[in-house]
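User: I would like to learn how to read cavities and helix packing in a model. Please take me through one.

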Amino acid sequence: AIEADNNLDRDQKDAAKDKITKAAKEAEDNINAAPDKDGITQPKENGLEKVKLEKAKADAISEIEAEKAKAHQDIDKNTSLTPDQKEAAKDKITKAAKEAEDSINGAASIEEVTTELNTGKEKVELAKKEEEAKAAGENIAKAINKAGLLGNPGLGEPEFNIGAAAQPEEEANNLELKPENNNANQANAQEIKE
């Protein structure tokens, strides 16, 4: 099943198979070391649990990789982002996915794997949304600058407060145009802001 998983690269497949093989070998050694028939049960159960845990980790990492790939595709399809912004966004998504996979690999139980998987998927999605919102704010600022509003003696100097919003719909709240000393053009500035 791991070999057929298209979400995992060659290194990830090999690492997962090595861990499962190691867990199975340890279980086999412990079973062989049992003093009698009654001593076989516990090493066998422990061995099966370890194998299941390593398989669960591989499956969870596959899900994170799928989430990362989808987020990368969403970024690539976003026509409002520049190539540099797309690259920065994908780097942030990749970093979030790597952190999630490290946490999954460190899990001591299947329950922990599930928790880390869900947290990791949320972090990958959040990284995507944050970068999209940040880029949108940058693009709005550039558009205003290009329109000639910055440094216009009649309009005054606008102040920009562009933050990385947690949700794209919050972009407008993070971009504030505050014209000062602009009695002649106040109405136009307000219209542009809206």
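User: How much space lies in the largest cavity?

Analyst: Some ground rules come before the case. This is a predicted model, where local features need pLDDT of at least 70, side-chain atom pairs count only at pLDDT 80 or more, and totals for chains, interfaces and linings use all residues. Residues are numbered from 1 along each chain as its sequence is written, and side-chain values use heavy atoms, with hydrogens and water left out.

Analyst: Now the general idea. Rolling a probe the size of a water molecule over the atoms shows where empty space is left. A cavity is a set of points, on a 1 Å grid over the protein atoms alone, where a 1.4 Å probe fits but cannot get out; lining residues have an atom within 4 Å of a point. Points are joined across faces, edges and corners, and volume is the space filled by probe spheres set on them. Here, the largest cavity holds about 30 Å³. The structure has one cavity of 30 Å³ or more.

User: Which residues line the largest cavity?

Analyst: E99, A100, S103, E116, T119, G120 and K123 form its lining. Two elements each give two or more residues: α3 (83-105) and α4 (110-146). Helices here are DSSP runs (H or I, at least four residues), numbered from the N terminus. α4 gives the largest share, four residues. By class, the lining has one nonpolar, three polar and three charged residues. Ala, Val, Leu, Ile, Met, Phe, Trp, Tyr, Cys and Pro count as nonpolar; Asp, Glu, Lys and Arg as charged; the others, Gly among them, as polar.

User: At what angle do the axes of α3 and α4 cross?

Analyst: Axes are lines fitted to C-alpha atoms, for helices over the stretch in contact, and angles run from 0 to 180 degrees between N-to-C directions. Under 35 degrees counts as roughly parallel, over 145 as roughly antiparallel. The axes of α3 and α4 cross at roughly 165° and come within 9 Å. They are therefore roughly antiparallel. Their contact (heavy atoms within 4.5 Å) divides into 12 nonpolar, four polar and eight charged residues.

User: Is α2 roughly parallel or roughly antiparallel to α4?

Analyst: The axes of α2 (residues 41-77) and α4 come within 10 Å and cross at roughly 10°. That makes α2 roughly parallel to α4. The contact includes L53 and I64 of α2 and L117 and V124 of α4. It has 10 nonpolar, one polar and 10 charged residues.

User: How far apart are the axes of α2 and α3?

Analyst: They lie 10 Å apart, at an angle of about 170°. That makes α2 roughly antiparallel to α3.

Technical notes:
1 Å grid on protein atoms, 1.4 Å probe; cavity = no way out; pocket = protein on both sides within 12 Å on 5 of 7 lines; lining within 4 Å. Parallel < 35°, antiparallel > 145°, perpendicular 65-115°, else oblique.
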